[in-house]
Number of protein chains: 2
Amino acid sequence: MKEFLRTKGFKMTPQRELIFRSFFELGRHVSVDELYDKVRLQDNTVGYSTVWRNLKLICRVGLAEVVNIGDGITRYDRVTNIPHGHLYCLKCKELIEFNVEQIVGMLAHKTSDYNFTPENFKIEIQGYCENCRESEVEVVEETKSDA
Amino acid sequence: MKEFLRTKGFKMTPQRELIFRSFFELGRHVSVDELYDKVRLQDNTVGYSTVWRNLKLICRVGLAEVVNIGDGITRYDRVTNIPHGHLYCLKCKELIEFNVEQIVGMLAHKTSDYNFTPENFKIEIQGYCENCRESEVEVVEETKSDA
DNA sequence: TTGAAAATGATAATCGTTTTCATTTAGCGT
DNA sequence: ACGCTAAATGAAAACGATTATCATTTTCAA
């Protein structure tokens, strides 16, 4: 991991190591607060902004992505390469994971073990529309120049 | 509409009528600010909180639902009964609508006119998980007692 | 018409996110 | 090993969207 980060122009620090490790231990649907709490159990000197920044960093290097269920709290989810979605239970507030095949099935057959109506779907796809697909380059926020 | 609201225990006011009408004229992916701006063009005495409250009300009575694309701004979307999702263009920031058949096709074939990889999918489904599906009643925030 | 409940509008509080900045630290070149 | 420079840290403040408060006004049923 240290090498991985170095090739992208980032340093390794004790805090960073702890934060990264804690994030991957938590694994899924991690909010800044959750991660902060976990990190503080091991080192109660780590600042909130450090946790927040490193969570963003984890995303920036492609190891996690944002999950937004619409409750105002940004969560971060390990990237698995297996496309998946979430069922957000309106009662127990759990996030349940589905892989893409399950989702296709549910969408196609409009039925599943879970209780939702078609109106409950919130599907957000990020990418490039037909007009923009040729010129993706402009979106890059920060360019880390390396080989 | 006035009757519709009355049966649910809400009154009709000039502001409310203007706000509702403006929302449905805007139609899709409406933020509070956008609606506020449109409303103020016709009546510059309407307060921001009134617009906000009425937008929530539109949701509460089931005429709209929240759309969250993760940019920190809550948008509201007319309920159409036709389940749909959105492609959020990372470049031009447009929200493009898809119906469920299109989504199924895209998910199943992992290809479309739009440029995204499977990792770009953010699918959020709200409903009830297996444990909670029997007892949906508890979720209701406000109960308007009517026939 | 009138009284009770609801709605309004201005403002302030809240809360999650992001920035700032002075200080510390990592790690490359020597 | 040492010093230097860029990066990282932590505390605190700034920010921005959302939500609550409250005195006043308005709706509408009796």
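Reader: How do you know what span the 13 residues of H4(B) should have?

Author: Happy to show you. This is a predicted model, where local features need pLDDT of at least 70 and side-chain atom pairs count only at pLDDT 80 or more, while totals for chains, interfaces and linings use all residues. Side-chain values use heavy atoms, leaving out hydrogens and water; residues are numbered from 1 along each chain as its sequence is written, and chains are lettered from A and ligands numbered from 1 in the order in which they are written. The expected span of a helix is 1.5 Å times one less than its number of residues. The 13 residues of H4(B) should therefore span 18 Å, and the end C-alpha atoms are 18 Å apart, which agrees.

Reader: What makes a run of residues a helix or a strand?

Author: Both are DSSP runs, numbered from the N terminus: helices are H or I with at least four residues, strands are E with at least two. Just after H4(B), B:Gly62 takes a positive phi of about 85 degrees.

Reader: Which residues of H4(B) are buried?

Author: They are B:Val51, B:Asn54, B:Leu55, B:Leu57, B:Ile58 and B:Cys59. Their cover includes helix H2, helix H3 and strand E2 of chain B.

Reader: What makes a nonpolar core, and which residues have the most contacts inside the largest one?

Author: A core is a set of buried Ala, Val, Leu, Ile, Met, Phe, Trp, Tyr and Cys residues joined through side-chain atoms within 4.5 Å. The largest has 20 residues, with the most contacts made by B:Phe23, B:Leu35, B:Val39, B:Val51 and B:Leu55. H4(B) gives the most to this core, five residues. A second, separate core of 19 residues includes A:Tyr36 and A:Leu55.

Reader: How many residues surround DNA strand D?

Author: A residue is near a strand if one of its heavy atoms lies within 4 Å of it, and 26 residues surround DNA strand D. Here too H4(B) gives the most, with five residues.

Reader: How far is the side chain of A:Arg16 from a phosphate oxygen of DNA strand D?

Author: An N or O atom of the A:Arg16 side chain is 2.8 Å away from a phosphate oxygen. For B:Lys56, the distance from a polar side-chain atom to a phosphate oxygen of DNA strand D is 3.4 Å.

How values were computed: Polar contact = N/O pair within 3.5 Å; in protein donor to acceptor, adjacent residues only side chain to side chain. Buried < 20%, exposed > 50% of the residue type's maximum accessible area, 1.4 Å probe, protein only. Contact = heavy atoms within 4.5 Å.
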